[in-house]
Amino acid sequence: MLRNIVARTIWTAHGEFRTLNQLQTTSNWDGRDIASKLKSARCQDQLRAVHVGMVSWKAEDRKDMLSSMPKRDEGTEGEVAVDIDSNIRGFVGMFPDENTPDLLFDGVRYADLPIIHASFSKNNTQLMLTDAKGVAQMFRTCGIEGFRNTRKSTNIAAQATAISLATRVLNRGIKNVRVKVKGLGAGRMSAVKGLTMGGLNVVSITDSTPIMTTDSPRPRKAKKL
């Protein structure tokens, strides 16, 4: 709105100044038309004041903008030293140590807890319950739960399969379990969440996904067509 008012004022002053210039060329300026001369001088002063005001307004706006901008950070101001060791000390008990196998969960040693092996591929999710020695006791997959074709590889199918397995494990009287995940399928996190949603207490999560080493052989040479 302020810009519109200033533009209208400048346009009016220019119009008056243009009209006075025409009068100067057509009138007789021998000293008899004093009022026209005074009016012309007054209009020129007003136009000059408007121009000066515009420049000062721009300068003030720039000063306000620069004052509101944050200071330039050269990389030295505001640096804070972070103690990494203190952050690691806050996670005491999250990582296994030599005392982990002897920890008790509802009177059962950690080393004697049953294990749920979860295998995730790009096409399916497989869950198997074993005892501490590795003897299989229960097995569920997304295909067994009724998911077909590409739906077997979704995270929803993995979560539903995990909830179904958790319900059957609870019916056997098992509450605390360990989980070992393997693979990089879409249902990794959903399956673990489904186990907790089914009522199981997941004591630990171990990732046993194999990692490709750098000393693997090269692939075969491509056939020439």
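Is T125 buried or exposed? The structure is a predicted model, in which local features require pLDDT of at least 70 and side-chain atom pairs count only at pLDDT 80 or more, whereas totals for chains, interfaces and linings use all residues. Residues are numbered from 1 along each chain as its sequence is written, and side-chain values use heavy atoms, with hydrogens and water left out.

T125, which lies in strand β4 (strands being DSSP runs of E of at least two residues, helices runs of H or I of at least four, both numbered from the N terminus), is buried, with a relative accessible area of 2% (buried means under 20%, exposed over 50% and partly exposed in between, for a 1.4 Å probe and protein chains only). Not counting residues up to four places away in sequence, T125 touches S119, F120, R140, T141, C142, K152 and A158, contact meaning heavy atoms within 4.5 Å.

A158 is also among the buried residues of helix α4, which include A157, T161, A162 and V169; the elements covering them include β3, β4, β5, β6 and α5. The 17 residues of α4 (155-171) should span 24 Å at 1.5 Å a residue, and the 25 Å between the end C-alpha atoms agrees, the expected span being 1.5 Å times one less than the number of residues. G173, which follows α4, has a positive phi near 85°.

The charged end of R178 sits over the ring of Y110, 4.8 Å from its centre, the criterion being NZ of Lys or CZ of Arg within 6 Å of the ring centre and within 35 degrees of the ring normal. Y110 is buried, with a relative accessible area of 14%.
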